[in-house]
Amino acid sequence: MSDNLKHPLDITASQESLERNPKVARIEGFSDDEEEEEGLVESESELSMNPGNPRLQRYLVAIEYIGTRFSGSQQQPTYRTVVGVLQEAFHKFIGQPVKILCSSRTDAGVHALSNVCHVDVERISKRKPGEVLPPHEPDVVQKAVNHFLQKKEGDVMVIDVRCVPRNYHARYKARERTYFYRMLSGSDPLSILEKDRCWHVPEELNLRSMQEACKGLVGTHDFSSFRAAGCQAKSPVRSLDELNVTEVPSTPYFPSITERAWSNLNNGDPLACSGQPKTETVGVATNVEEVNGSTDGDSFGARRRHRCYVVTARSRGFLYHQVRLLVGVLKCVGTGELTVADVERILEEKTVAATKPMAPASGLYLARVKYEFP
C-alpha cells in the first residue's frame with residue numbers, strides 16, 4: 001500500500017463515537033442502523049427531499065466494497081472513505097462535483113455486499129458548456145463509474161443503478177436491512193486469503209446452542225444491552241425480524257483431491273462426491289482427514305479447513321453496533337462461556353455493561369437494503 005493511502009484502522013468503539021457530531025438535526029420516524037446513526041442528517045440540504053433543479057436526474061446506486069482500507073463509508077476530510085472515493089469517480093465521469101448520500105453508514109473495516117446510495121446528476125455537454133443533455137441511462141452510469149473506480153484501488157464497485165424520482169431518498173425509503181457476520185472456527189491459523197474478512201474463533205462452537213439463543217432475541221425488545229455508547233437513537237426499542245446462525249462451506253472453497261476424483265460421478269457436486277468418511281453438520285459435509293489430519297502423503301501441504309458460521313440479522317433498522325454486540329454474545333454461547341438463560345438475563349438487564357465485548361468489524365457485511373418502488 002502506498003504511503004498516501006495509509007490511515008489508522010485501529011479505531012476503538014469509543015473513538016468511533018467521538019467522531020460523531022451530536023449537534024446535527026434529527027428527523028422523526030426513522031430508525032437507527034448498525035454502524036451508523038440513522039435518523040441523523042448532516043446539513044439542512046439533506047432535509048430537502050425535493051431538489052429544486054428539474055434538470056437533475058436522481059440515481060439509486062448499489063455498491064459493494066471491501067471495508068478494510070476505508071475509515072468507514074461516510075465522507076471525512078482527512079481519511080479515505082467509501083463515499084469520498086465514489087464521489088471522486090462520479091466527478092471524473094460527469095465533470096462536476098456531486099454529493100452522495102448512503103442508506104447505511106458503515107464503520108471502518110465493515111464490508112458491504114450491497115449498500116445503496118443516491119446521487120443527483122445534471123448531464124452537461126462537454127463540447128458545448130452550458131448545454132443540458134438527456135440523462136445517462138443507468139447502465140452507462142454503472143460502466144463509466146466502475147471504469148474510474150477500477151483505475152484506482154478497485155475496492156469499490158457499482159453493482160446496480162436505477163433512475164428514481166427526485167424525492168426518492170436512499171436512507172429514508174429503505175424498508176429493511178440485512179447484515180451477515182462470518183466466523184471461522186478452528187485452532188489452525190487463519191488463511192491470509194481470509195485476513196480481515198471474518199472473525200477467527202479458535203474454539204469449537206456449538207451451533208445448536210447459538211441457534212437456541214437467537215430465538216429469545218427475535219422480535220420487538222428494548223435492546224439497551226446491545227446498544228453501544230455513543231448511540232444517539234431516541235429509543236432502544238427495535239424489532240428484530242430475523243436472527244439466526246447457519247454453518248456453510250468455508251470460502252474460498254476448492255475441492256479436495258478426493259472430491260475432484262469423484263466429481264464426475266456426482267454431477268460435479270464436491271460436497272456429495274467424496275468417498276471418504278465425513279462428519280455431518282447442518283448443511284455441510286466435511287472430510288474427516290481434512291479436519292483431523294492424515295498420514296497420507298497426499299495431505300502434505302493441504303490446509304485444513306475451518307468451520308464457517310454465518311449470523312444473519314434482519315430488521316428495518318438497528319442500534320449503533322447492535323449486530324456486533326449480538327454476535328459477541330452468540331459467540332460466547334457457542335463456546336460455552338454463556339448459556340441461553342444468560343442471554344435472556346443480559347437482554348433484561350438493559351445495560352451494555354452486561355454484554356460481552358462486541359465482535360470485531362472485520363466479519364460484518366451489509367448484505368442487502370430492501371426498497372419498494374412505485
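Modeller: Start with Thr355. In this predicted model, Thr355 sits in the loop between helix 10 and strand 12 (364-370).

Biologist: Why is Thr355 called buried?

Modeller: Its relative accessible area is 11%. Buried means under 20%. So Thr355 counts as buried.

Biologist: What makes the pair of Ser225 and Thr355 a polar contact?

Modeller: The distance is one part of it. The backbone oxygen of Ser225 lies 2.4 Å from a polar atom of the Thr355 side chain. The cut-off is 3.5 Å. Thr355 also touches Phe226, Leu325, Val329 and Ile346, leaving aside residues up to four places away in sequence.

Biologist: Which residues does Phe226 touch?

Modeller: Among them are Leu217, Leu319, Tyr320, Ile346, Leu347 and Thr355, again leaving aside residues up to four places away in sequence. Phe226 belongs to the largest nonpolar core, which has 78 residues. With Val61, Leu86, Phe90, Val145 and Met183, Phe226 touches the most other members. In soluble globular proteins, nonpolar side chains tend to be buried together.

Biologist: Now helix 10 (residues 340-349). Which of its residues are buried?

Modeller: Val343, Ile346 and Leu347 are buried.

Biologist: How do you know on which side of helix 10 they lie?

Modeller: They cover an arc of only 100 degrees around the axis, so they are on the same side of helix 10. An α-helix has 3.6 residues a turn, so residues three or four places apart point the same way.

Biologist: What covers the buried residues of helix 10?

Modeller: The cover includes helix 5, strand 7 (219-222) and helix 9 (322-335).

Biologist: Where is Tyr168, and is it buried or exposed?

Modeller: Tyr168 is in the loop between strand 4 (156-164) and strand 5 (176-185). Its relative accessible area is 4%. That is under 20%, so Tyr168 is buried.

Biologist: What does Tyr168 touch?

Modeller: Its contacts include Arg58, Leu60, His118, Tyr371, Glu372 and Phe373, not counting residues up to four places away in sequence. A polar atom of the Tyr168 side chain is 2.9 Å from the backbone oxygen of Glu372. Tyr168 and Tyr59 are 109 residues apart in sequence, yet 9.0 Å apart in space, C-alpha to C-alpha.

Biologist: How many disulfides are there?

Modeller: A search of the whole structure finds 0. A pair of cysteine sulfur atoms would have to be within 2.5 Å.

Biologist: Why is Cys163 called partly exposed, and what is Cys214 called?

Modeller: Cys163 has 35% relative accessibility. Cys214 is at 1%, so Cys214 is buried.

Biologist: Which elements have the lowest and the highest mean pLDDT?

Modeller: Helix 1 (residues 13-18) has the lowest, 37, and helix 5 (residues 207-215) the highest, 98. The mean for the chain is 81, and 74% of its residues reach 70 or more.

Biologist: Where does pLDDT stay under 50?

Modeller: Over residues 1-51, and over residues 270-293. Where pLDDT is low, the predicted coordinates should not be read in detail.

Biologist: And the chain overall?

Modeller: The chain has 10 helices and 12 strands. Of its 374 residues, 48% count as buried.

Conventions
Residues are numbered from 1 along each chain as its sequence is written. This is a predicted model: local features need pLDDT of at least 70, side-chain atom pairs count only at pLDDT 80 or more; totals for chains, interfaces and linings use all residues. Side-chain values use heavy atoms; hydrogens and water are left out. Buried means under 20% relative accessible area, exposed over 50%, partly exposed in between (1.4 Å probe, protein chains only). pLDDT is the predictor's confidence in each residue, from 0 to 100. Helices (H or I, at least four residues) and strands (E, at least two) are DSSP runs, numbered from the N terminus. Contact means heavy atoms within 4.5 Å. The arc is that of the directions from the helix axis to the C-beta atoms. A nonpolar core is a set of buried Ala, Val, Leu, Ile, Met, Phe, Trp, Tyr and Cys residues joined through side-chain atoms within 4.5 Å. A polar contact is a pair of N or O atoms within 3.5 Å; within protein, one must be able to donate a hydrogen and the other to accept it, and residues adjacent in sequence count only if both atoms are side-chain atoms.
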